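Subject: The structure we talked about

Hello,

Here is the structure I promised to send over. Have a look at it first, and then read on for what turned up.

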Amino acid sequence: MLNHLNHNHQSTYKAYHKLAAEICSEADVMKEDKAAVYNRETFRAINAAGFNALHLPDSLGGRKLSAMDTAVAYLALGASCQNNGLTFSVGAQAFSVNVPLMKYGNDALCNQFLIPSVKGKIVIASAITEKESGSDAYNMKTTAVKSGNDYILNGSKYYITNAPIADYFLIYAFTDVQKGSIGGLSAFLVDAKEKGVEVLGPIDKMGLRTAQMGGVNLTNVKAIARLGEEGSATAMFNEAMIWERTILSALNLGIVARVLEKVKKFGEENSRGGKKLNEQLEFITLINHSNSFLTQAWEKISDAAIALDQFPKQSFLKASIAKSFVADNGEKLIRSLQQATGAFGYLSENGIERDYRDFLAFTIYSGSQYVQNKIISSFSQ
Ligand SMILES: Cc1cc2nc3c(=O)[nH]c(=O)nc-3n(C[C@H](O)[C@H](O)[C@H](O)COP(=O)(O)OP(=O)(O)OC[C@H]3O[C@@H](n4cnc5c(N)ncnc54)[C@H](O)[C@@H]3O)c2cc1C
């Protein structure tokens, strides 16, 4: 993957690749995938290394990296650490939780929630999706009703990353159903131990098995605090998604790059029909196609990251372009790469089948292809 980066980014990539490799215990990934759980110590170590706060200012415990350098670091994380469920779990908190807290949290909320989250001391899960509203998230049923100085929440969230291990939730709820997404959506911090909170899960799933997914039922639950102004949460959610789409595109591109390296090695070491695979036209064409994908995908991710750093008005569109391109083409490419290794790629012990299952989730989370297409096409009308 290094060849696809410019000189400045290469040293950042190498540093984070080495750091992630040292932390991730590669030997246990197959076992952890089967058990559908990751080692919490590794999770804490990745957070302690700064991966969930690269983009935050140092006053909040962050590393002050630009979005561009954060993308490079996550590319390295994806390429280096084979436990994709673990890195996704870290990334989910880094962008869908830490970004809203950084942008909308006052000093008290930052001290109580953001800094402990950055240090890996607490887990906060971001919850917008419900069983009956995913791509059409603004059809959600969860409400927050003001009662004196408090807000009382009712509703149910599902498919929530980190829910079973969460200490707190960032819950999106309507404070004004009539206004809907335009001025009616608000965000709240909720204690997982608060009366009326029922945490569901972990839910078993096809890929990213080591990341814990669950749900949360809320029955007359008193929120700890509202995050941001009442009715401001649509913008907040969109900002979180711009970061998540941009940086997790880099994380997932790292997975593709790692699979490609395995397949290239397979081509070097295996012959069919009396000739090394990597000397055969079909195999060479696939490798060229893969390199072309890496170059194009990295261009699009860089565009999105530069927009985040310098041209924020363009970042919503660019993030969706990057996410859509990486998810859609990356999924097809990993399948082709897996096919190119025959049964080797089908065996759990070689990791490619796991990478495929894990990558497939990226076509759904951070907004499905349907959502990305809707965003992208809205800019051409
Ligand atoms: C690994 C993983 C992690 C996740 N983590 C989180 C998390 O941490 N927090 C969170 O809140 N959510 C999370 N999600 C949920 C995720 O955001 C949703 O799954 C995603 O938005 C898609 O929604 P959906 O699953 O309901 O499917 P949809 O995309 O809604 O698709 C279901 C069906 O409805 C159709 N459809 C969708 N919209 C429309 C429409 N407007 N009109 C007509 N047909 C339509 C689709 O074509 C499809 O046939 C996660 C999901 C996954 C897979």
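Which residues of the largest nonpolar core touch the most other members? Please keep in mind that this is a predicted model. The core holds 121 residues, and Ile-171 and Phe-188 are the two that touch the most other members. Helix α8 (residues 233-269) contributes the largest share of this core, with 19 residues. In soluble globular proteins, nonpolar side chains tend to be buried together.

Leaving aside residues up to four places away in sequence, Ile-171 touches Ala-127, Thr-142, Leu-153, Lys-157, Ala-187, Phe-188, Val-190 and Leu-218. Phe-188, on that list, is the other residue with the most contacts to core members.

Now to the overall layout.

A shell of 19 residues surrounds the ligand, and the closest are Thr-129, Gly-134, Ser-135, Tyr-159 and Thr-161. Domain 2 and domain 3 each give at least three residues to this shell. Strands β1 (124-127) and β3 (150-161) both supply at least two residues, and β3 has the largest share, with three. What kinds of residue make up the shell around the ligand? Eleven are nonpolar, seven are polar and one is charged.

One last thing to look at is a pair of helices. The axes of α4 (residues 67-80) and α9 (residues 281-310) come within 7 Å and cross at roughly 145 degrees. From α4, the contact uses Ala-67, Met-68 and Ala-71, while α9 brings in Ile-301, Ser-302, Ala-305, Ile-306, Leu-308 and Asp-309. Seven of the residues in this contact are nonpolar, one is polar and one is charged.

Happy to go over any of this with you.

Best wishes

Terms used
Residues are numbered from 1 along each chain as its sequence is written. This is a predicted model: local features need pLDDT of at least 70, side-chain atom pairs count only at pLDDT 80 or more; totals for chains, interfaces and linings use all residues. A residue is near a molecule or strand if its C-beta atom, placed from the backbone, lies within 6 Å of it. Helices (H or I, at least four residues) and strands (E, at least two) are DSSP runs, numbered from the N terminus. Ala, Val, Leu, Ile, Met, Phe, Trp, Tyr, Cys and Pro count as nonpolar, Asp, Glu, Lys and Arg as charged, and the others, Gly among them, as polar. Domain bounds come from an automatic or database domain assignment. Axes are lines fitted to C-alpha atoms, for helices over the stretch in contact, and angles run from 0 to 180 degrees between N-to-C directions. Two residues are in contact if their C-beta atoms, placed from the backbone, lie within 7 Å. A nonpolar core is a set of buried Ala, Val, Leu, Ile, Met, Phe, Trp, Tyr and Cys residues joined through C-beta atoms within 7 Å. A residue is buried if 20 or more other C-beta atoms lie within 10 Å of its own, exposed if 12 or fewer, and partly exposed in between; C-beta atoms are placed from the backbone.
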